[in-house]
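Hi there,

Here is the structure I said I would pass on. Have a look at it first, and my notes follow below.

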Amino acid sequence: MCSQQDLSGVLETAANQPEQQGEKRVFLTFDDGPSATTELVLDVLREKGVPATFFVVAADNNQDYLPLIRRAVDEGHQIALHSCTHAYKTIYASTTDFWADIKELRQRISPYVEVEDIHWLRFPGGSTNTVSHKYGGSSIMKNLKAQAAEKGYRYVDWNVCAEDAAGGHPSAEDVFRNVTNGAKDKDLCVVLMHDTKATRKTTAAALGDIIDWFAGQGYRFCRIDELDAQI
């Protein structure tokens, strides 16, 4: 699921933070890791010297890769919350189930990052998803967004998508084209990519070219927490 999301909350926050007139900013974000692909992504980010934000999961199938969270932190990247299980049927059964999942995620990643410092999350499927309605009713996302604010969280969607989680096994060229086409005419780009499973190695393969393209267009690379400067 990678439809373009509503970034009104992000844009409002961004408008309140100091920046140079006409500055263009890009926020590289990766969902659903860590995995074996995360190492490849981190290698490219280190080579290029740019930061990123990782919205992590801690499902049974990626436990062996959770120590990579520490490497990401040590290399200057931001860790944010996505879901422990990423199982829509479970996490969106009720708001109570969703927050229980987030609590479990925080516990599982706590050996590798200071979870007290984590205040950003991304809802699986995005904050405007409708798949959650099947399990928790039509008002569940409205309720979760309100509760997130009450709990001290900020959530962020995206306005540029690599489409690297789509079917058909997109190539590195496809991923590059999806990102650069999506970024056209945008001064603020929150780019959704994925760092999970072997099929996402194409994202890692495209990442260097994606970074070079944004750099060539005059964008500044930022972590998501830079959107929170004035909050």
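Which residues are exposed on the other side of H5? They are Thr96 and Lys103, where exposed means over 50% relative accessible area, buried under 20% and partly exposed in between (1.4 Å probe, protein chains only).

Before the rest, a word on the source. This is a predicted model, in which local features need pLDDT of at least 70 and side-chain atom pairs count only at pLDDT 80 or more, while totals for chains, interfaces and linings use all residues. Residues are numbered from 1 along each chain as its sequence is written, and side-chain values use heavy atoms, with hydrogens and water left out.

The protein has nine helices and eight strands; these are DSSP runs numbered from the N terminus, with helices being H or I of at least four residues and strands E of at least two. Of its 231 residues, 49% are buried.

Back to helix H5, which covers residues 95–109. Its 15 residues reach 21 Å from first C-alpha to last, close to the 21 Å expected at 1.5 Å a residue (1.5 Å times one less than the number of residues). Thr95, Phe98, Trp99, Asp101, Ile102, Leu105 and Ile109 are buried in H5. Seen down the helix axis, these buried residues of H5 fall within an arc of 150°, so they line one face; the arc is taken over the directions from the axis to the C-beta atoms. An α-helix has 3.6 residues a turn, so residues three or four places apart point the same way.

What do the buried residues of H5 pack against? Their partners are strands S2 (53–57), S3 (78–83) and S4 (120–121), together with helices H3 (68–74), H4 (88–91) and H7 (140–150), with contact meaning heavy atoms within 4.5 Å. Two of these strands, S2 and S3, run parallel and are joined by five bridges (pairing takes at least two DSSP bridges). Val57 stands opposite Ser83 in S3, and six of the six residues in S3 are buried.

Ile109 also belongs to the largest nonpolar core, which has 53 residues, and is among those with the most contacts inside it, along with Leu28, Leu45, Phe54 and Phe214. Such a core is a set of buried Ala, Val, Leu, Ile, Met, Phe, Trp, Tyr and Cys residues joined through side-chain atoms within 4.5 Å. Helix H9 (residues 201–216) gives the largest share of this core, six residues. Apart from it lies another core of 13 residues, including Phe55 and Ile224.

Best wishes
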